[in-house]
Amino acid sequence: MILLPGLMGMKLKMTRGRSIAYWTATIFVSCVMGISGSLAISHAAPFMKALAHLGYPPYFSNILGIAKIAGVIVLLAPGMPRLKEWAYVGCAITILSACYSHYSSGDGLLALEPLVTFGALLVSYAYRPANRRLRMAGAQSA
């Protein structure tokens, strides 16, 4: 296949743009999940107050914190494409559950705030590099 010189540079720019979008979104999600996971594990007073407001028992912060930190580690670590799929799903469930919990607790528009993180998670998932994707069983590489 012959490519014009301009097209090769365009492909490189698109790849660089995808990489920047992926890492920006992934780092944003990792920071949000990592900070909230750390607050949960440490039983920080503001986090525990918010958790009680949402109607969750105190022990739930341990489960939530460990899951969030584990998810961040998997998202940032190289390889492990199958675990990454599970981490993306776990993060999505956690974020959407937070949205619903805030809505159910009467927090009004604050309930929409987790959707920013969910949007970043979708960008991270859509733009992740090939080496971070799960290969399909029947797929052949060219």
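On α2, the exposed residues Ala 45, Pro 46, Lys 49 and Ala 52 sit on the face turned away from the buried side of the helix. Exposed here means over 50% relative accessible area, buried means under 20%, and partly exposed is what falls in between, with a 1.4 Å probe and protein chains only. The buried side of α2 (residues 45–53) is made up of Phe 47, Met 48 and Leu 51. These three span an arc of only 95° around the axis, so they end up on the same side of α2; the arc is taken over the directions from the helix axis to the C-beta atoms.

A word on what you are looking at: this is a predicted model, in which local features need pLDDT of at least 70 and side-chain atom pairs count only at pLDDT 80 or more, while totals for chains, interfaces and linings use all residues. Residues are numbered from 1 along each chain as its sequence is written, and side-chain values use heavy atoms, with hydrogens and water left out.

Now step back to the whole chain. It has 5 helices and 0 strands, running α-α-α-α-α from the N terminus on. Helices (H or I, at least four residues) and strands (E, at least two) are DSSP runs, numbered from the N terminus. Of the 142 residues in the chain, 31% are buried. Take the contacts, meaning heavy atoms within 4.5 Å, between residues at least 6 apart in sequence: 63% of them join residues at least 24 apart.

Start with helix α1 (residues 5–41), which holds Ser 30. Ser 30 is buried, with a relative accessible area of 7%. Not counting residues up to four places away in sequence, Ser 30 touches Ile 35, Val 72 and Leu 76. His 43 has a positive phi near 55°, and it is a residue other than glycine. That is worth a second look because most residues other than glycine have a negative phi. His 43 is partly exposed, with a relative accessible area of 35%.

Leu 51 has a relative accessible area of 5%, so it counts as buried. Its C-alpha is 10.0 Å from that of His 102, though Leu 51 and His 102 are 51 residues apart in sequence. After α2 comes Gly 55, with a positive phi near 95°.

Next, the packing. Two packed helices are described by the angle between their axes and the distance between the axes. Here the axes are lines fitted to C-alpha atoms, for helices over the stretch in contact, and the angles run from 0 to 180 degrees between N-to-C directions. Under 35 degrees counts as roughly parallel, over 145 as roughly antiparallel, 65 to 115 as roughly perpendicular, and the rest as oblique.

α2 and α3 pack at about 115°, with axes 11 Å apart, which makes α2 roughly perpendicular to α3. In this contact, Phe 47, Met 48 and Leu 51 of α2 meet Phe 60, Ser 61 and Leu 64 of α3. The contact residues split into 5 nonpolar, 1 polar and no charged. In this scheme Ala, Val, Leu, Ile, Met, Phe, Trp, Tyr, Cys and Pro count as nonpolar, Asp, Glu, Lys and Arg as charged, and the others, Gly among them, as polar.

Moving on, helix α3 (residues 60–76) packs on helix α4 (residues 81–104) at about 135°, with the axes 9 Å apart; α3 and α4 are therefore oblique to each other. Leu 64, Lys 68, Gly 71, Val 74 and Leu 75 of α3 meet Leu 83, Lys 84, Ala 87, Tyr 88, Cys 91 and Thr 94 of α4. That contact comes out as 7 nonpolar, 2 polar and 2 charged residues. The loop between α3 and α4 holds Met 80, a non-glycine residue with a positive phi near 55°.

Finally, α4 and helix α5 (residues 114–127) pack at about 160°, with their axes 9 Å apart, so α4 is roughly antiparallel to α5. The contact residues include Tyr 88, Cys 91 and His 102 of α4, and Phe 118 and Leu 121 of α5. Together the residues of this contact divide into 12 nonpolar, 3 polar and 1 charged.
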